[in-house]
Amino acid sequence: MILASKSPRRKEILENLGIKIEIDVPDIEEISDKENIRDMIEDIAYKKCMAVASNRKNEFVTAADTVVVVDNEILGKPVSEKNAREMLMKLSGREHEVITGFCMINIEKNISIISSDITEVKFKTITEEELDWYIS
């Protein structure tokens, strides 16, 4: 299977299931014109997958995209330590959603699976000390 991702965690999960993985990271802009957050995440996963599958038509290619959503706001990857601190404080002591869109394509076999899952997460209240440790 081809994993269209550079995520070491995704690779580890698939390998722990006994799946032999080859990494092929797509060079795409991770944007979507979809309005619904879940549709947007599925669309980005599909674009990642197709970017790789279009050059590997007889292979099974899988890709995923994950976001954290709190108060209908998508929290992206932090761009700085200050930004990471702000995000973690926004999540502290609250519930939020983690949405993962995923896709598997094999062009030659005409297989295309696109779906997503939402996980409700309760984040414990974190102290300044824990926050400093985590960010460092």
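**Close-up views of a predicted model**

**View 1. The surroundings of Ser116.** Ser116 touches Arg38, Glu42, Thr100, Gly101 and Phe102, leaving aside residues up to four places away in sequence; contact here means heavy atoms within 4.5 Å. This is a predicted model, in which local features need pLDDT of at least 70 and side-chain atom pairs count only at pLDDT 80 or more, while totals for chains, interfaces and linings use all residues. Residues are numbered from 1 along each chain as its sequence is written, and side-chain values use heavy atoms, with hydrogens and water left out. Ser116 counts as buried because its relative accessibility is 6% (buried is under 20% relative accessible area, exposed over 50%, partly exposed in between, with a 1.4 Å probe and protein chains only). The Ser116 side chain makes polar contacts with the side chains of Arg38, at 2.5 Å, and Glu42, at 2.6 Å (N or O atoms within 3.5 Å, one able to donate a hydrogen and the other to accept it; residues adjacent in sequence count only if both atoms are side-chain atoms).

View 2. Ser116 sits in strand β6 (strands are DSSP runs of E, at least two residues; helices are H or I, at least four; both are numbered from the N terminus). Strands β5 (residues 95-106) and β6 (residues 111-122) pair in the antiparallel sense over 12 bridges; pairing takes at least two DSSP bridges. His96 has Val121 as its bridge partner in β6. Four residues lie between the strands, and Asn110 in this hairpin takes a positive phi near 60 degrees.
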